[in-house]
Structures are given as C-alpha cells and as structure tokens.
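Have the viewer open as you read.

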Amino acid sequence: MLKLHARTTALRGPGGLFSLETRADLPLVLRQSKAFLVHGSVRPLPLGFVLYVFIDAEGRGDQTEDVPCVVLPGEFAYLGQDDVIRLTDDGYVRVLFRASSPHNSILVTEQCNHYCLMCSQPPKNVDDSWILREVRQLLPLIPRSTKQIGFTGGEPMFFGDEFLDILRLAKACLPQTSIHVLSNGRRFADPRFAQHFAEIEHHDLMLGIPVYSDDPARHDYVVQAPGAFDETIRGILNLKRLKQKVELRIVLHKQTIERLPKLAEFVARNLLFVDQVALMGLEITGFTRANFDSLWIDPADYRDVLSEAVGILAAYGMRCAVYNHPLCLVNRDVEHAYVKSISDWKNEYAPECAPCTRKSDCGGFFTSNIKHAYSNKIRPFFEYNKDV
Ligand code: SF4
C-alpha cells in the first residue's frame with residue numbers, strides 16, 4: 001500500500017500545493033511555479049525552483065542545501081514528474097495527484113446525508129469547506145493529458161452549486177479529461193439542481209450512484225437514511241431525462257446478496273436506460289470493520305448469485321461491470337464483465353497468488369482485505385486449468 005500522508009522533516013519554506021518537476025533543464029521561466037524533486041544526488045542543484053523536495057531514502061535527515069526545501073520519508077520514492085503534493089505549515093505532506101496513476105480520486109468533503117453500513121470514508125459533521133478551496137488550487141496543477149479523474153466524498157453534492165463550480169473549473173482546466181463522480185444521487189431529486197448540473201455540458205462525465213436493493217426499506221437500512229431510496233430513484237430519473245450519464249453501483253455483502261437477482265430484474269425493468277451497472281466487492285475498511293459480522297460474505301459463496309445477476313442484466317442488453325473481485329472467485333460466465341478495478345495504491349495479491357498464470361488479468365485484493373479477511377477458496381490458475 002502506498003503511503004500518501006506523513007510527517008516531513010526539515011521544512012524550510014512556505015506550505016501549499018506544489019507540482020513536482022524532475023527535469024533539471026526546465027527553462028528558467030517555468031521553474032518559478034514548480035518544486036524540484038531530488039531523487040538520489042543531483043549536484044549542483046538547478047537554480048530557480050520555488051522549492052526542493054528531497055526523498056530521505058538514504059537517511060539524509062535534514063542535511064540539505066541552503067534552499068527552500070523539504071525532506072520526505074523514503075516511502076515517497078514513488079513520486080515523479082507532475083505529481084502534486086500539499087505541504088502544511090506544521091510539517092505534513094499529503095499526495096493529492098499522481099500523474100502515472102489511472103486512479104486519481106479527489107475527496108471533496110467528508111460530510112454526507114447517508115451513514116452506510118459499509119462506508120469506507122465514515123462521514124464527519126464538520127465544516128470542511130477548506131477542501132473545496134484546495135481542490136480549486138489543485139485542478140490547474142493537473143496535467144492536461146490526464147485521461148480521468150474522480151471526485152468522491154462524503155457526498156460531493158453536499159456543497160450544491162459550489163461543487164458544480166468545481167466541475168466547471170475541471171472542464172476549463174482539463175478539457176479532454178473524463179470525470180467520474182461518486183454521489184448518492186439524492187440531490188438530483190430536485191429538478192432545478194439536476195438542470196444546473198446538466199447545463200455544465202461536460203463531454204464525458206459519469207455519475208456513480210448506489211442502489212442497494214429493489215426493496216426501498218432494505219436500501220434505506222443499508223444507507224441508514226429513511227426516504228433515501230425514493231429520492232435516489234427520482235434523482236436518477238431526472239438525470240436520465242436530461243441525458244446525463246449514470247452508473248448504478250451495487251456493493252455486494254450479506255445485506256445485498258440475497259435480493260441481488262431481484263434487484264437486477266428491478267433495474268432492467270425500471271432503469272434500463274442507465275449507462276452501466278457496477279457490481280462491487282466489499283472493501284474491509286471504515287464502517288465495514290465495525291459491522292463485519294453483518295456484512296462479510298466470502299465471494300466464493302455468492303459466485304452463482306453473481307452469475308445470475310450478470311446474466312439477467314446481460315439478457316436485457318445492459319452494460320455490466322464486476323469490480324473488486326479476485327478472478328478465481330468468479331464464474332467463467334461473468335468474465336466478460338470482469339474489470340481489474342482496485343486502485344493501485346491499495347491493491348495487493350495473496351501469498352497463494354504467487355504461481356498463478358492469470359495474475360496479470362486479475363484485480364487481486366484490497367490491502368485491507370488481505371489484512372482482515374480473504375477467501376480460503378483462492379485457487380491459482382495453472383496452464384492446465386486456465387480454461388476450467
Ligand atoms: S490466485 Fe490468481 S486469480 Fe486468484 S486471486 Fe490470486 S492472482 Fe487472482
């Protein structure tokens with residue numbers, strides 16, 4: 001698991017957001033907006049950068065030059081060209097963007113009007129509008145060549161029109177970048193808000209909205225919010241009426257598996273026009289750890305139910321994706337929908353995976369699942385059982 005947050009040493013200079021530069025021959029005029037990343041020993045240091053970022057891989061401590069600088073722990077040796085970091089005045093670093101990763105997700109707020117049993121980012125009832133200010137600073141630093149970014153929370157729509165302004169800024173700064181927003185969809189039950197969202201006219205923006213059951217009471221129980229199902233469905237209908245892209249997200253656990261085929265039927269009959277249905281494995285973090293016994297079910301034990309749900313959606317011609325599952329724990333008949341999806345910074349494989357011949361096709365595990373629970377039915381592929 002990549003370290004994204006840590007205490008620094010020897011911060012001499014201002015805090016703030018910095019885009020990293022590794023090219024020592026960058027023209028002088030361009031250096032004033034960038035921080036120079038020093039891997040190993042670069043001598044003499046190229047002059048004119050706003051900050052010098054040393055990686056303390058060799059226990060260099062604070063033995064740095066007389067320049068504005070910061071020393072990061074050796075675990076940050078993965079940082080590279082065009083990555084963006086934030087340094088706080090009290091000496092902490094947080095990695096906000098990694099240019100080499102396809103999994104950049106920007107947290108917008110920790111506030112939410114749901115309290116989901118399996119929330120990976122437990123909501124906090126605090127004023128965190130400072131995060132929006134940070135996102136406004138971050139977006140212009142992200143390279144224009146970036147293929148996709150995500151926005152997540154909490155509930156990004158918690159900030160209403162202010163978040164729509166963030167989306168407008170993203171469109172202006174990154175005109176070719178796809179955007180994915182995770183939202184519970186309830187704010188779009190307001191037709192006026194849905195209209196304002198649609199008027200952004202982004203060329204490639206998908207909303208990922210969870211629907212956990214065809215039974216409103218069961219959905220409301222999973223998200224711990226009475227009335228949520230009704231608002232979410234009305235939000236989805238408003239968005240599709242305005243021709244916005246919507247992906248339904250269904251996290252699979254004990255509370256959702258039992259009715260999954262019925263939910264697939266419900267979606268196919270009532271929401272056939274959504275753009276994709278994602279069936280997602282459970283990440284054992286946040287509230288899931290507290291509610292483990294009422295949520296955890298081994299993917300090996302629901303593989304046939306998963307096949308049935310994928311089959312129903314496919315029969316109706318719906319696009320379906322299976323995320324966050326080890327490949328050997330799904331049936332062959334869902335492989336057409338299988339996606340290697342776990343973000344690279346929290347993705348691992350089990351010791352049993354070492355001899356597997358299909359490791360490169362497999363999404364593996366969340367790091368937290370490896371620590372707390374994973375299936376004892378993992379079965380590495382070998383050449384002779386590749387097609388089993
Ligand atoms: S054994 Fe192979 S298919 Fe199974 S989880 Fe490991 S790498 Fe994936």
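In this predicted model, helix α8 (residues 260–270) packs against helix α11 (residues 303–315) at an angle of about 10°, and their axes are 9 Å apart. Since angles under 35 degrees count as roughly parallel, α8 is therefore roughly parallel to α11. On the α8 side the contact is made by L260, P261, A264, E265 and A268, while α11 brings V305, E308, A309, I312 and L313. Sorted by class, the residues of this contact are eight nonpolar, no polar and two charged.

Two further helix pairs can be set beside this one:

| Helix pair | Angle | Axis separation |
|---|---|---|
| α8 (260–270) and α11 (303–315) | about 10° | 9 Å |
| α2 (130–138) and α3 (161–173) | about 10° | 10 Å |
| α5 (216–223) and α6 (228–241) | roughly 100° | within 8 Å |

Take α2 and α3 next. With an angle of about 10° between them, α2 is roughly parallel to α3. You can find this contact by selecting L132, V135 and R136 in α2 together with E162, I166 and L169 in α3. Its residues divide into four nonpolar, no polar and two charged.

How are α5 and α6 arranged, roughly parallel or roughly perpendicular? Their axes cross at roughly 100°, which makes α5 roughly perpendicular to α6. Here P216, H219, D220 and V223 of α5 meet A228, F229 and D230 of α6. The contact of α5 with α6 holds four nonpolar, one polar and two charged residues.

Now for the core. In soluble globular proteins, nonpolar side chains tend to be buried together. The largest nonpolar core in this model has 97 residues. Those with the most contacts inside this core are A35, Y52, V53, L248, I250, V277 and L279.

Leaving aside neighbours within four places in sequence, V53 is in contact with L20, A35, F36, L37, V38, V70 and L72.

Another residue worth a look is V251, which is found in strand β13 (residues 245–251). Is V251 buried or exposed? V251 has 23 C-beta neighbours inside 10 Å, so V251 counts as buried; the cut-off for a buried residue is 20 or more. Not counting residues up to four places away in sequence, V251 touches M118, P210, T256, M280 and L282.

Finally, the domains themselves. The domain assignment gives domain 1 (5–97) and domain 2 (105–345). Taken over C-alpha atoms, the centres of domain 1 and domain 2 are separated by 35 Å. Seven residues from domain 1 and six residues from domain 2 take part in the contact. On the side of domain 1 that touches domain 2, the elements giving two or more residues are β3 (16–21), β7 (84–87) and β8 (92–97). That side of domain 1 has four nonpolar, one polar and two charged residues.

Conventions: Residues numbered from 1 in each chain as written. Predicted model: local features only at pLDDT ≥ 70, side-chain atom pairs only at ≥ 80, totals over all residues. Axes fitted to C-alpha atoms, helices over the stretch in contact; angles between N-to-C directions. Helix = DSSP H or I, 4+ residues; strand = E, 2+ residues; numbered from the N terminus. Parallel < 35°, antiparallel > 145°, perpendicular 65-115°, else oblique. Contact = placed C-beta atoms within 7 Å. Nonpolar A, V, L, I, M, F, W, Y, C, P; charged D, E, K, R; others polar. Core = buried A, V, L, I, M, F, W, Y, C linked by C-beta atoms within 7 Å. Buried ≥ 20, exposed ≤ 12 C-beta atoms within 10 Å, placed from the backbone. Domains from an automatic or database assignment.
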